[in-house]
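Trainee: I would like a close look at one helix in this model. Please take me through how it sits in the rest of the chain.

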Amino acid sequence: MPYDLCLFDLDGTLIDPKPGITKSFQYALAAYGIHEELDDLVKFIGPPLRESFKVSYGFSESDTERAVAKYREYFAEKGLFEASVYPFIPEALSCLKENGKLMAVVTNKVKTYASRILDHFMLSRYFITVFGDELDGSLTINGKGALTRAAISALDPERKKTSILVGDRKHDIIGAQEAGIDSAGVTWGYGTRAELEGMGATWIVDSIEDLLRLTGGYKP
């Protein structure tokens, strides 16, 4: 079915953020005497930042906040733009826009960072707005569902039945389910097919062409 409102995750869906995110985590952990290889930090692409420090390293609330501050020392200055746009994403977004799709970004990343990234990679032109977290993590503390519901409510509640959230991790699928909309799990990001299927993604998408076919985004 064609979708009228298309919500996109950022990291692992529109851009490959691996260098910047993994280096930022490595920098933050080093402050605690913890050394991790960059490839071992890929698992942290997607989940909320604070959750990663708490769950994986058992950090207390105070240590988590200090770790987040160290992470951002690197990320805000260097890691932000140590990323690349996935092939054919601009072309796909252009097709969707030309076909009248309403589009926005919904991300666990801090909104100001996400906006800067979209501007830097010249992707902002395709989206009405960005829904992201605050610096204190208050908007994603209970997951991505709240952000997704806020996006639908702000953009067009009447389009809920024809809305879809496109993402690469289980957090995106859960967020879509909590908001009562369909989801498309893309396999070019950092979530496995098993992860996406296990969480009950409405659709699994293996290519940009499949995504355009699913959303009705091909040019007439």
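Mentor: A definition comes ahead of the charge count: Lys and Arg count as positive, Asp and Glu as negative, while His and the chain ends are left out. On that basis the chain carries 25 positive and 32 negative side chains. The centres of the two sets lie 3 Å apart. Keep in mind that this is a predicted model.

Now the helix. Take α6, residues 145-155. Which of its residues are buried? They are Gly-145, Leu-147, Thr-148, Ala-151 and Ile-152. Look down the axis of α6: the buried residues fall within an arc of 165 degrees, so they line one face of the helix.

What does that face meet?

Step back to the whole chain. There are 9 helices and 8 strands. The radius of gyration is 17 Å, close to the 17 Å that the globule rule gives for 220 residues, so the chain is as compact as a globular protein of that length. Along the principal axes, the C-alpha atoms fill a box of roughly 55 × 30 × 30 Å.

Burial next. Of the 220 residues, 49% count as buried. The accessible surface comes to about 9900 Å². Carbon and sulfur atoms hold 53% of that surface.

Last, contacts along the sequence. Take those between residues at least 6 apart: 66% of them join residues at least 24 apart.

Definitions and conventions: Residues numbered from 1 in each chain as written. Predicted model: local features only at pLDDT ≥ 70, side-chain atom pairs only at ≥ 80, totals over all residues. Heavy atoms only, no water. Buried < 20%, exposed > 50% of the residue type's maximum accessible area, 1.4 Å probe, protein only. Helix = DSSP H or I, 4+ residues; strand = E, 2+ residues; numbered from the N terminus. Arc of directions from axis to C-beta. Rg over C-alpha atoms; globule rule 2.2 N^0.38 Å. Contact = heavy atoms within 4.5 Å. Areas by Shrake-Rupley, 256 points an atom, 1.4 Å probe, with all protein chains shown as cover. Charge placed at Lys NZ, Arg CZ, Asp CG, Glu CD.
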